[in-house]
Amino acid sequence: MTTTDRTVEDAGRASPRPSPASADDRLRRLLVSLRDLGADVPLPELLRRLVEVACELVGARYGALGVVGAGERLVQFVTVGVDERTAARIGHLPRGEGLLGHLVDHPRPLRLPDLTAHPASIGLPPGHPPMRTFLGAPVRVRGEVFGNLYLTDKQDGGRPVPFTAEDEELLVAMASAAGVVISDARLLDVAERRQRWLRASADVVQDLLLEEAASLAQVARHARRAAGADLGSVLVVDPDDPAALQLVAADGGAGDRLLGTAWPREGSLVGRVLEVDEDVLVDDLVTSGLVAEGLVAEVPGMPDGPALLVRLPRVGAAARPGALALLRRRGAPVFDEEDRAMASDFARHVGLALEMQRAVAARRRLALLDERERIARDLHDHVIQQVFAAGLRLTVLAGRSSDPGVAAELRDVVAEGDATIRALREAIFSLEHEEPPDDLVTTARELVREYTGVLGSRPSLAVDEPFPAGDLPPAVAAGARAALRELLSNVARHAGASRASVHLAAPGGRLEVTVADDGVGVGTATARRRSGLRNLEQRARELGGRCTVASPVDGGRGTRVSWSVPLPVGVRGSARPADDAVGR
Ligand SMILES: Nc1ncnc2c1ncn2[C@@H]1O[C@H](COP(=O)(O)OP(=O)(O)OP(=O)(O)O)[C@@H](O)[C@H]1O
Ligand SMILES: [Mg+2]
């Protein structure tokens, strides 16, 4: 539609001619307002203020700025004049159909006495305030259409009046000035975002490599903050079931509820990231069709708006492929190409740091094996020979002794020496040949598998990374293994549960083994502990720790037992206390 078309529409009306003074005045006000919109205003705030200025300038009751994203869609909608309750009643953002879609496809000024009469109009959605007069103009940033400014319902002294040709000129001038201001703000915004991501990359690498190690929860947290997302999470392929994904770390909205949950890989966003090995940007999680709507509805407080997913190579103890998922709540600005590139770099840094972390752990394990070999050699070459030589000398002495009592005693000592040599040989044999027992995570995984049949469903297993699985002192590892066995067997025998979960963590210098279920709970009548729980308690106490039973859990059903003991200084775990998320 051209300007002439519109003036024809207007021709019948006597549009109020403003006095030259008021036009000057309005222009001056516009210039002042634009000057005051300095580059230090954050972009979302800047957009809102631009709409306000536009409304004020032409006396419109409602104003909006629709930002057009890739694929010619509206990706952001900043409104003025519509209060939050009304906005909530309307619900979703405009989908870019109807008149707004027309403006996206035809980025030219448009002035209408009645917007509902336009051929492209499809009417207003339910709950939308009634609107009639309409004035729209595109905003270009560096020659590209950034979006459209829309104004509706011009008022003059409380009376509805049509927009004038002069209003249109002013709005067009305003839109082109806005393009320049937005361009500056965008450059600054990108620079700031880049800086945030760079800092996050540096911090996470440092955390993962230094002694005070970070967990994947911290990866999620750094990424969430850098991205300005509402939820940051890490999902990995389940080592026992490649068709399933596990959410192993989360930070932000609904994170606690999501931790440890399993998601189907097929048809999911993460699944797609893993299959096509490409990062994914989504404007709206629910309408993307890549997450079952029910899954989102099941988790109260889960952000369901724009999403950004990037691949995270080889995560966790089992080095499984995974993804970093960043979500914003509905209505928040969408992630753009810049975000994707920066998050992707961040993920690569995390991948490298995790790889180095594994190399360090492998080296430590090799050093341990070397040490065992050296001890075995020393025992064989030195200790056994010395005990043997001492035995020989005692045998000679016994032969020389004239006191039969002394001689008999000396021969007893020689026999003890022989026994010692035999014991040493056995120890050497086991040092050289016995495989060190499985690390705790492997044991936990095997137990979870073993109990799947008994419990009727597979207990979930969450391990807070980094976890010193292979570095635990033998007594601690043995205690933890016993705790896992006993607690899972208790769930199977007493709980009648439909769900069980196992959580391993090493927060702040402690090892924590937690098993939770949603069964009948340890009633007061049965709280009398028998040998199982008593043994666990005793073992924990011997190691300076404790075993605590919580039942019912969080005011509901079920039981949660935590077996927790201190770790020696130098055994690396996560730096912050574990999320207490098991069993929710
Ligand atoms: N997960 C659970 N859900 C419900 N009740 C439990 C659970 N764990 C323990 N109990 C209750 O607490 C009691 C004590 O457990 P404990 O492990 O000490 O003994 P036990 O399992 O009965 O016997 P043992 O372990 O010596 O074979 C159990 O008999 C049971 O009544
Ligand atoms: Mg028991």
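This is a predicted model: local features need pLDDT of at least 70, side-chain atom pairs count only at pLDDT 80 or more; totals for chains, interfaces and linings use all residues.
Helices and strands here are DSSP runs, numbered from the N terminus. Asp-114 has a relative accessibility of 18% and counts as buried, because buried means under 20% relative accessible area. Along the chain, Asp-114 and Arg-132 are 18 residues apart, yet their C-alpha atoms are separated by 4.7 Å.

The chain as a whole can be described in a few numbers. It has 15 helices and 17 strands. Of its 584 residues, 46% are buried. Among the contacts between residues at least 6 apart in sequence, 64% join residues at least 24 apart. The chain exposes about 29200 Å², and carbon and sulfur atoms supply 53% of that area.

Two further residues give examples of positions separated along the chain. Gly-101 belongs to helix α5 (residues 98-105). The relative accessible area of Gly-101 is 7%, so this residue is buried. Arg-73 is 28 residues from Gly-101 along the chain, and the C-alpha atoms of the two are separated by 8.1 Å.

Leu-308 is the other example, and its place is in strand β11 (residues 307-315). With a relative accessible area of 1%, Leu-308 is buried. In sequence Leu-308 and Asp-279 are 29 residues apart, while in space they are 7.6 Å apart, C-alpha to C-alpha. What is Leu-308 in contact with, leaving aside its neighbours within four places in sequence? The residues are Val-280, Leu-281, Leu-324, Ala-325, Leu-326, Phe-335, Asp-339, Arg-340 and Ala-343.

The next feature is a pair of helices. Two packed helices are described by the angle between their axes and the distance between the axes. Helix α3 covers residues 43-58 and helix α6 covers residues 165-209; their axes come within 10 Å and cross at roughly 170°. Angles over 145 degrees count as roughly antiparallel, and α3 and α6 are therefore roughly antiparallel to each other. On the α3 side, the contact is made by Leu-43, Leu-46, Leu-47, Leu-50, Val-53, Ala-54, Leu-57 and Val-58. On the α6 side, the residues are Asp-167, Leu-170, Leu-171, Met-174, Ala-178, Val-181, Ile-182, Ala-185, Arg-186 and Asp-189. By type, the residues of this contact between α3 and α6 divide into 15 nonpolar, no polar and three charged.

Another helix, α14 (residues 474-495), holds both Glu-486 and Asn-490. These two residues are the protein donors of the magnesium ion (ligand 2), through OE of Glu-486 and OD1 of Asn-490. Glu-486 and Asn-490 are four residues apart, about one turn of the helix. Asn-490 counts as buried, at 14% relative accessibility.

The backbone also has some features to point out. Most residues other than glycine have a negative phi, and most peptide bonds are trans. Arg-142 is not a glycine, but it has a positive phi of about 50°. Arg-142 lies in the loop between β4 (134-141) and β5 (144-156). Is Arg-142 buried or exposed? With a relative accessible area of 63%, Arg-142 is exposed.

Asp-153 likewise has a positive phi, of about 55°, although it is not a glycine. Asp-153 is found in strand β5. Its relative accessibility is 12%, so Asp-153 counts as buried. Arg-142 is thus exposed in a loop, whereas Asp-153 is buried in a strand.

Which peptide bond is cis? The bond from Ser-551 to Pro-552 is cis, with omega near -5°. Pro-552 is part of the loop between β16 (546-550) and β17 (559-566).

Note on methods: Residues are numbered from 1 along each chain as its sequence is written. Chains are lettered from A and ligands numbered from 1 in the order in which they are written. Side-chain values use heavy atoms; hydrogens and water are left out. Helices (H or I, at least four residues) and strands (E, at least two) are DSSP runs, numbered from the N terminus. Buried means under 20% relative accessible area, exposed over 50%, partly exposed in between (1.4 Å probe, protein chains only). Contact means heavy atoms within 4.5 Å. Accessible areas come from the Shrake-Rupley method with a 1.4 Å probe; for residues, only the protein chains shown count as cover. Axes are lines fitted to C-alpha atoms, for helices over the stretch in contact, and angles run from 0 to 180 degrees between N-to-C directions. Angles under 35 degrees count as roughly parallel, over 145 as roughly antiparallel, 65 to 115 as roughly perpendicular and the rest as oblique. Ala, Val, Leu, Ile, Met, Phe, Trp, Tyr, Cys and Pro count as nonpolar, Asp, Glu, Lys and Arg as charged, and the others, Gly among them, as polar. Donors are N, O and S atoms within 2.8 Å of the metal (3.2 Å for Na, K and Ca); water is not among the atoms, so sites may look incomplete.
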